[in-house]
Amino acid sequence: MRRRVVITGVGAVSALGDGASALYERWKAGACGIESGLGACREFEPTSVLSKKELRRTDRFVQLALVAGQEALAQAGWEDAPPVDPARVGCVIGTGIGGISTIESQHEVLRESGPRRMSPLGIPLMMGNAAAANLALRHGFKGPAFSTVSACAAGADAIGTALRQIRAGDADAVVAGGAEAGITPLACACFGAMEALSESGISRPFDARRDGFVMGEGAGVLVLENAELAEERGAQVLGELLGYGASADAYHLTAPDPSGSGAVCAITRALDDAGVAAGDLHYVNAHGTSTPLNDRAETEALKSALGDAANGLPISSTKSAVGHLLGAAGAVEAVATVLALRDRVAPPTLGYEVPEEGLDLDYVPGSARGLTSVNGRAVAISNSFGFGGHNAVLCLAS
Amino acid sequence: MQATATQESVEAAIFRELARLGPEPEYVKRDITFDALGIDSLDLVEVAQLVEEEFGVLLKGEDMEKLQTVGDAIDLVVARAAS
């Protein structure tokens, strides 16, 4: 009998504020955290959680992960110590680009003052695995700990990897998610050079007027546990991670395959892994970046993968409220999906007003809507697709 | 312009730097160990960089490894500056 994996805690930091409920409740209510074309975590206040030393020794993307992690662990009832042998607790935190603000500031020091003035903390701050390393260090997790790096699919790949670790018996619990702090001059200029960023500064996925993504930042962390052990200790269960599917487009370095065939493969694999039929889905948390190419290819992929079941299925994008969190997107969106399924609600795709020919699915315009025809548990998929052609899909249930 | 390395000037600079690195200033004393302050090898590299910048005294990793207390570090810097 395959091990089941449940979610016992969630945490998030996003442009909608600190906390998973700020993310979910505000988005559900139609609030948008994007200001001046950026989804920055303006309210982020790490000093209440992290010591002076931890603040000095961490890049912003790690600070976001540690604060989201603290929230998730508190909710899981893990505040003091893990409920299982620490060597059986893994930690997998994805990121798209890691500590890029440290890279930029250290490069500045190198140019201005020379190599002898470089910080000995430069490498441990900038390394892409720093969020996983610091979470494990802070909380004493001694199981498998590393980062997944697959651009905007990294957060979902981290959570999927955690599912596999628990199923394989490598861990009894895994603290998994994604973190990103890429609102820096270098990253914004580079994304701008690709013409991937929205010139209007508006994230309106699937709308005919969409013109690119809005840079966001933040972190999402979930506590995943072997269901049997979680139930034994009487843990509060928020939801279940039923399945994970991943694939690569092998089509283009940055553009999605317009047929969506790679995404179809990942969606189908996630559903097969979960043992869920397309007709059993109640909600789709779309990748929905607000770029012309993604939203069209994703619509095609959903139609191909789900067939008739795609019609009338509520599909919405968290990025309409917080922008694109790159390597944290899949994790923050998984957190939002878990809470939406718990409440049997589809939050809206904010700003969606003007349909485009061929983009004719139900993108949940206007306001949040209750999920209908749910008998028993509510089931959803959460899509994440990354530059490089990475596709990762999670299947979640209430 | 580098400062002259006296007991007083080096102590002031090192105390200031240690407080910046994490410990509360009231705990920073000559006879406390770096371990007790939670100051590790990465922090000591930063202390060494400050000492070089302020007093022109070059400290290497092997110098720093032998240091137990804050006072050991101050004495080493003052002795090196005088030699």
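User: Where is Ser36(A) placed?

Analyst: In the loop between H1 and helix H2 (52-56) of chain A. Helices (H or I, at least four residues) and strands (E, at least two) are DSSP runs, numbered from the N terminus.

User: What should I know about the model and its numbering?

Analyst: This is a predicted model: local features need pLDDT of at least 70, side-chain atom pairs count only at pLDDT 80 or more, and totals for chains, interfaces and linings use all residues. Residues are numbered from 1 along each chain as its sequence is written, while chains are lettered from A and ligands numbered from 1 in the order in which they are written.

User: Is Ser36(A) buried or exposed?

Analyst: Ser36(A) counts as exposed because it has 6 C-beta neighbours inside 10 Å. The cut-offs: buried is 20 or more other C-beta atoms within 10 Å of the residue's own, exposed is 12 or fewer, partly exposed is in between, with C-beta atoms placed from the backbone.

User: What about the phi of Ser36(A)?

Analyst: Positive, about 50°, although Ser36(A) is not a glycine. Most residues other than glycine have a negative phi.

User: And what is the phi of Leu326(A)?

Analyst: Near 50°, a positive value, and Leu326(A) is not a glycine either. Leu326(A) sits in the loop between helix H12 (319-322) and H13 of chain A. Leu326(A) has 31 C-beta neighbours inside 10 Å, so it counts as buried.

User: Now the strands. How many residues of S5(A) are buried?

Analyst: 8 of the 8, in residues 173-180, so the strand is largely enclosed by the rest of the structure. Both faces are covered. Ala173(A), Val175(A), Gly177(A) and Ala179(A) are buried on one side. Val174(A), Ala176(A), Gly178(A) and Glu180(A) are buried on the other.

User: What does S5(A) pair with?

Analyst: Strand S3 (residues 89-94) of chain A runs parallel to S5(A), joined by 6 bridges. There, Val92(A) stands opposite Ala176(A). Strand S6 (residues 218-226) of chain A pairs with S5(A) in the antiparallel sense, over 8 bridges. Leu224(A) in S6(A) is the bridge partner of Val174(A). Pairing takes at least two DSSP bridges between two strands.

User: Which residues touch the most other members of the largest nonpolar core?

Analyst: Ala65(A), Ile159(A), Leu222(A), Leu224(A), Val335(A) and Leu394(A), in a core of 130 residues. Helix H13 (residues 329-343) of chain A gives the most to this core, with 10 residues. Domain 1 (5-239) and domain 2 (241-397) of chain A each contribute at least three residues to it. A nonpolar core here is a set of buried Ala, Val, Leu, Ile, Met, Phe, Trp, Tyr and Cys residues joined through C-beta atoms within 7 Å.

User: What does Leu222(A) touch?

Analyst: Not counting residues up to four places away in sequence, its contacts include Ile7(A), Val10(A), Ile159(A), Ala176(A) and Val335(A). Contact means C-beta atoms, placed from the backbone, within 7 Å.

User: How far apart are the centres of the two domains of chain A?

Analyst: 20 Å, taken over C-alpha atoms. Their contact takes 66 residues from domain 1 and 63 residues from domain 2. The domain bounds come from an automatic or database domain assignment.

User: Which element gives the most to the domain 1 side?

Analyst: H7(A), with 8 residues. By class, that side has 38 nonpolar, 20 polar and 8 charged residues. Ala, Val, Leu, Ile, Met, Phe, Trp, Tyr, Cys and Pro count as nonpolar, Asp, Glu, Lys and Arg as charged, and the others, Gly among them, as polar.

User: How many residues of H7(A) are buried?

Analyst: 12 of its 15, so it is mostly covered. Ala154(A), Ile159(A) and Leu163(A) are among them. Gly169(A) follows the helix, with a positive phi near 85°.

User: What span should H7(A) have?

Analyst: 21 Å for its 15 residues at 1.5 Å a residue, and its end C-alpha atoms are 21 Å apart, which agrees. The expected span is 1.5 Å times one less than the number of residues.

User: Switching to chain B. How many residues of chain A are in contact with it?

Analyst: 7 residues of chain A, with 7 residues of chain B. The chain A side divides into 2 nonpolar, 1 polar and 4 charged.

User: Where does Val70(B) lie?

Analyst: In helix H5 (residues 70-82) of chain B. Val70(B) counts as buried because it has 24 C-beta neighbours inside 10 Å. Leaving aside neighbours within four places in sequence, its contacts include Ile14(B), Leu18(B) and Val28(B). The C-alpha atoms of Val70(B) and Thr33(B) are separated by 6.1 Å, although the two are 37 residues apart along the chain.

Conventions
Two residues are in contact if their C-beta atoms, placed from the backbone, lie within 7 Å.
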